[in-house]
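Student: Could you take me on a close look at one part of this model, the charged and aromatic side-chain pairs? I would like one connected account, with the cut-offs spelled out as you go.

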Amino acid sequence: MADPAGPVLGIETSCDETACAVLTPDGRVLAEALLSQQEHAPFGGVVPEIAARAHLDHLPRLVRETLDRAGGGPLGGVAATAGPGLIGGLIVGSCFARGVALARHVPFVAVNHLEAHALTVRLPGLVPDGLAFPYLLLLVSGGHCQCVAVEGVGRHIRLGGTIDDAAGEAFDKVAKLLGLGWPGGPALERLAAQGDPKRFALPRPLLGRPGCDFSFSGLKTAVAHLVAGFPPGPLVAQDAADIAAGFQASVADVMADRAGHAIDMFAARHDARTLVVAGGVAANAALRAALAQAAGRRGFTLLAPPPRLCGDNAVMVAWCGIERLRLGLSDPLDHAPRPRWPLEALAA
Ligand code: KG4
Ligand code: ZN
């Protein structure tokens with residue numbers, strides 16, 4: 001039976017993480033589980049059909065165990081990522097969530113994955129006294145790269161974004177060129193720590209241009225040409241590290257520049273002075289440092305979720321559900337998941 005003050009179950013299945021979490025309405029994590037699917041490793045990237053089947057294999061057990069660890073009892077609601085993402089996984093997670101909501105007679109919340117990333121930093125306890133709206137968000141993940149003015153739940157204004165690859169996608173593709181495993185971002189960051197960022201001059205796409213759009217495909221191509229110039233076979237470790245460091249420095253410079261422009265655009269319309277970086281790529285320490293500097297120069301403070309909440313997880317999905325339920329927002333049980341679902345569409 002429903003208990004409006006009961007905890008909320010969150011489910012995340014939009015890509016290759018199968019995750020669930022149970023949070024009290026005031027944001028305390030009672031239990032959580034996160035399984036990064038290993039099934040994709042041999043393919044060097046996420047295979048959508050394999051992801052959907054793996055979600056189907058793992059999700060029921062993970063949810064049962066997580067609910068048990070949370071202590072059982074009535075729920076206050078069920079929230080699941082319903083887009084954007086890989087449609088097979090979205091169908092698995094959201095159908096399962098709607099089944100639980102139906103069986104438990106509790107409201108269902110169809111969570112927009114981007115909004116879940118956007119609101120994570122409002123999770124109680126992450127920022128002293130909490131973070132109020134509005135704030136400027138730089139969302140950098142495997143599938144997305146955009147600057148957004150977050151004015152409230154369901155109220156997001158896009159200021160700019162990538163015109164080709166997402167930031168994480170660029171990290172993953174360059175990591176692949178360097179012979180690193182999947183996912184490439186964390187491995188590339190570790191390798192870059194051993195390298196000289198100045199040895200190879202790589203382009204800084206759109207640096208200094210007006211606005212806050214991004215472009216990464218030219219940088220990726222420049223790395224591909226650079227790698228092709230070395231003798232065939234695996235790169236010498238130091239060469240690979242220097243390329244990784246050069247690439248990461250280029251992304252950091254570009255991000256700091258673009259975020260600076262986004263800050264100017266945001267500050268022209270809002271009094272708030274917070275830049276939030278979220279999404280898987282936000283775990284990167286070099287990028288955080290560059291963004292903190294760019295923010296500080298303009299009187300802004302950079303905030304970011306802890307690294308474990310930057311990448312895909314279900315805590316953020318449950319929290320997004322809680323934020324929506326508080327406002328009386330829930331969704332019908334015939335809600336259809338969507339592979340494409342821009343943040344701006346939430347206003348409607
Ligand atoms: O948010 P996320 O888990 O999934 C999406 O919604 O896309 O982001 C995953 C992306 C991957 O591209 C991964 O390589 C990247 O985040 N990533 C990183 C780091 N950790 C994860 N990129 C750079 N440095 C990192 N430390
Ligand atoms: Zn994500």
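Tutor: Let us start with Arg298, which counts as partly exposed because its relative accessibility is 33%; buried means under 20% relative accessible area, exposed over 50%, and partly exposed in between (1.4 Å probe, protein chains only). This is a predicted model, in which local features need pLDDT of at least 70 and side-chain atom pairs count only at pLDDT 80 or more, while totals for chains, interfaces and linings use all residues. Residues are numbered from 1 along each chain as its sequence is written, chains are lettered from A and ligands numbered from 1 in the order in which they are written, and side-chain values use heavy atoms, with hydrogens and water left out.

Arg298 and Asp264 meet through their side chains in a salt bridge (3.4 Å, N to O), the term for a side-chain nitrogen of Lys or Arg within 4 Å of a carboxyl oxygen of Asp or Glu. This pair links distant parts of the chain, 34 residues apart: Arg298 is in the loop between H8 and S10, and Asp264 is in helix H7. Helices (H or I, at least four residues) and strands (E, at least two) are DSSP runs, numbered from the N terminus. Asp264 is partly exposed too, with a relative accessible area of 43%. Elsewhere, Asp165, Glu169, Lys173 and Lys220 are joined into one network by salt bridges that share partners.

The whole structure holds 15 salt bridges. One of them pairs the side chains of Arg122 and Glu323 (2.8 Å, N to O). Arg122 lies in the loop between helix H3 (113–119) and strand S6 (135–140), and Glu323 in helix H9 (residues 315–326), so this pair ties together parts that are 201 residues apart in sequence. Both Arg122 and Glu323 are buried. Arg122 also lies over the face of Phe133, at 3.9 Å from the ring centre; for a charge to sit over a ring, NZ of Lys or CZ of Arg must be within 6 Å of the ring centre and within 35 degrees of the ring normal. Arg338 lies over a ring face as well, that of Trp341, at 4.7 Å from the ring centre.

A further salt bridge joins the side chains of Arg155 and Glu151 (3.8 Å, N to O). Arg155 counts as partly exposed at 48% relative accessibility, whereas Glu151 is buried at 17%.

Now to the rings. There are five aromatic pairs in the structure; rings of Phe, Tyr and Trp (its six-membered ring) pair if their centres lie within 6.5 Å, and planes under 30 degrees apart count as stacked, over 60 as edge-to-face and the rest as tilted. Phe171 and Phe247 form an edge-to-face pair, because their ring centres are 5.1 Å apart and their planes stand at 80 degrees. Since Phe171 lies in helix H4 (residues 167–177) and Phe247 in helix H7, the pair ties together parts 76 residues apart in sequence. Phe171 is buried at 3% relative accessibility, and Phe247 is buried at 0%. Phe266 and Phe300 are also edge-to-face, with centres 6.1 Å apart and planes at 75 degrees. Phe266 belongs to helix H7, while Phe300 sits in the loop between helix H8 (285–297) and strand S10 (301–303), so this pair ties together parts 34 residues apart in sequence. Phe266 is buried at 1%, and Phe300 at 5%.

Helix H7 (residues 237–267) also holds Asp242, which is buried at 4% relative accessibility. Not counting residues up to four places away in sequence, Asp242 touches Gly195, Asp196, Arg199 and Phe200, where contact means heavy atoms within 4.5 Å.
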